[in-house]
Structure formats: structure tokens, C-alpha cells
Amino acid sequence: MAETMLAIATTPDEPLSLQAIARPEPGPEEVVIDMRAAGLNRADLLQRKGMYPPPPGAPETMGLECAGVIAEVGKGVTRWKVGDRVCALLGGGGYAEAVVVDEGSLLPLPDGMDFVQGACLAEAMMTVYANVFQRCGLAEGETFLCQGGTSGIGVMAIQMAKLAGAGLILSTAGSAEKCALIAQLGADVAVNYREEDFAEVAKARGGVDVVLDMVGGDYVAKHLEIIKVNGRICNIAYQNGPVVELNLMRLMLKRGILTGTTLRARTAAEKRDIRDAVERQFWEHVEAGRIRTIVDSTFPLAEAEAAHARMSAGGHIGKIVLTRDA
Ligand SMILES: NC(=O)c1ccc[n+]([C@@H]2O[C@H](COP(=O)([O-])OP(=O)(O)OC[C@H]3O[C@@H](n4cnc5c(N)ncnc54)[C@H](OP(=O)(O)O)[C@@H]3O)[C@@H](O)[C@H]2O)c1
């Protein structure tokens, strides 16, 4: 009989609970990670409702990133060995005792970094790299606006932009406490979006070159108003809705670029390229502690339902992480 393990089943209408499923086996270029900590992502809430299915070939269970110890390696794996401490971007399956992933989606966990911190890195850093740097080409000295500054993504975007030499960094958050954190992380201007219009603040600062947008809705037209000539806007989510009305003349006159990407559905080769770029350009900062992880809270894997409730309520600051004892 196939070996089994415990994983959180994806149930829209019942509380999340552990169930026994088949333990994964590695393909030639894959590894199996013994999961010690798994980061929650807002996309998990969508997947649970059936709105964000895993791409073909990915595990059916939720979980887009984890940290742990390599338990098995496929025949063709060259870089990693059993026992290595790693963190990983996953197509799914992080809410489980073990998960299988392509070797190109792994990064080495720095010495001294615990698994909870490690579970906050891969998805956020690779998303930020793919959008802010690869797609929007944020360059030294340019002005950057990061919406959702205390989201799992936002805390990394601010720090990576700062380390890459961005000029002015503006970021938004929904409370004074959250604004204080984004200022500590490197934002020069922290806007409480419940009290101030970020677009007015950005205009008063001369406009922005690059926007990382996870809000969509009415923000999209505002972004077109505040970008400078040759400005770039990247949309990665739409808390305020995906359907918008725009005056495209603003885009044309600004010679702007309005784009968007997703990470999950990309090929293993594309993810490997993004992993390589993150490792080359930013990993020394993680190792040296110049990139901080912001952990909101941890929940044992079996309490995934409570972790989802915390994310749904929206009061969290940084990452919510599921943990598993060794
Ligand atoms: N396309 C991709 O490849 C990709 C990859 C990863 C993540 N994402 C998306 O990126 C988003 C962030 O992910 P996460 O897991 O880090 O989620 P998260 O921690 O729940 O973050 C959601 C963020 O949205 C902010 N927000 C909500 N309404 C806002 C408004 N009107 N103005 C400004 N900010 C607002 C929240 O700010 P407050 O808490 O301050 O209210 C919060 O910081 C999610 O929507 C996720 O689906 C996309």
C-alpha cells in the first residue's frame, strides 16, 4: 500500500481539517520536502472557494510556499541532497507533512534562520522580483509606490526596492500601526489609505515611476493619473475588483505600461529563472539579515482553519505561518 501522510483537505463549506492522503514521490528533477513551516497567502482563500485551482501537475492541496528539510531527491537532482534546509515556492501542497517540488523552485535556508521565517520568503520575493524588477524594471533612483505595504508581498517589496536603490518609496496601509511598520522597513512616505488619498500624496511628491498594485478597482485610474511619463504599473491582485473603466488617453500620453502577471501558472523553467535572479541579486541580503521577515502569527498545521480566519479578518501584519513539529 502507498505510504500516506497528513494534509489539510481543501473544503469550502466545512472547517479545514487534517486527512490522510498519499505521500508524494519525487520525479527525476524534483525533491520531497519534509514541511516544517508553510506560509499562508491570500490566494489560498480563493483556492478554498474553488476560484484559484492549482495548475496541471501541482498538488491539489493548498499551500504556495514552505520551509523544511529535504527528505528525498529525484534521480536527476544535482544541487540538493537529503538533509538540506530549504525554502520553496510551491504550485500547491504546502499544507501537508511533505510536499514535492521542482528543484529549481528551492532556495537555501540561511544558517541561523528558523523555518517560520524561511516560510515567508520564497513566494513574496519571487513575486516581487517578477513584477517590480523583471516586468516593471524598477531602476536606481526611481520612485516606487507599493500598495498594501504590510501584506506578505508588500513587506518584501519595500525592502527589495530600497536595497535596489529606489529613490522615493511610497506605500499604503490601513492603520497608523501598519504605517509605522512600513516606514521602518524603508518607505519614505507611509499613507494611511483610510484617512488620506494616496493619489494626492503621490502627486504632491511629483508622481511615481513604478506601482505595485494589489488593489485594482478604482485604484487603476488613479495610478494612470499619478505615473510619470514612461511609468509602469503592475497588477497582481484586485481587492477592489477586477473590472474597471479607464481613460486610455492617460496611458497613451504618459507612454505608460499597464501590465499584470501571476507566478503560480508559470513553467518550472520560468520559476527557475526567477529563483536564480532572486538568489543572485537579493539572497546575500537575506543571509546578512538586511531583509527582514515579518511574522504576524503562527498556527499548528492542524489549526489551519483559525489561520484562514485570521487572514479573512484582515487585521494581520506580515505573514501568517502554519507550523509542524519535527
Ligand atoms: N499575481 C501573483 O503572482 C501574486 C502572487 C502572490 C500574491 N498575489 C496577491 O497579492 C496580494 C497580497 O498577497 P498577500 O498574501 O501578501 O495578502 P495579504 O497579506 O492579505 O495582503 C492584502 C493587502 O491588501 C491591502 N489592501 C486591501 N485593500 C486596500 C486598499 N483599498 N488600499 C490599499 N491596500 C489595500 C491590505 O492592506 P491593509 O491590511 O493595510 O488593509 C493588505 O496589505 C493578494 O491579493 C494576493 O492574491 C499575487
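Guide: Two strands are said to pair if DSSP finds at least two bridges between them. Strands (E, at least two residues) and helices (H or I, at least four) are DSSP runs, numbered from the N terminus. The model is a predicted one, in which local features need pLDDT of at least 70 and side-chain atom pairs count only at pLDDT 80 or more, while totals for chains, interfaces and linings use all residues. Residue numbers start from 1 along each chain as its sequence is written.

The open sheet consists of six strands in the order β10-β9-β8-β11-β12-β13, with parallel pairing. Its edges are β10 (189-192) and β13 (257-260), each of which pairs on one side only. On average, neighbouring strands are turned by 15° against each other, direction ignored; the axes here are lines fitted to C-alpha atoms (for helices over the stretch in contact), and angles between N-to-C directions run from 0 to 180 degrees.

Strand β8 (residues 144-146) is joined to the parallel strand β11 (residues 208-213) by three bridges, and cysteine 146 has leucine 212 of β11 as its bridge partner. Leucine 212 in turn has cysteine 234 as its bridge partner in β12. Five bridges, again in the parallel sense, pair β11 with β12 (residues 227-235). Together with helix α7 (residues 219-226), β11 and β12 make a right-handed β-α-β unit; right-handed means that, with the strands pointing away from the viewer, the path from the first strand over the helix to the second runs clockwise.

Finally, β12 pairs with β13 in the parallel sense over four bridges, where isoleucine 233 stands opposite leucine 258 of β13.
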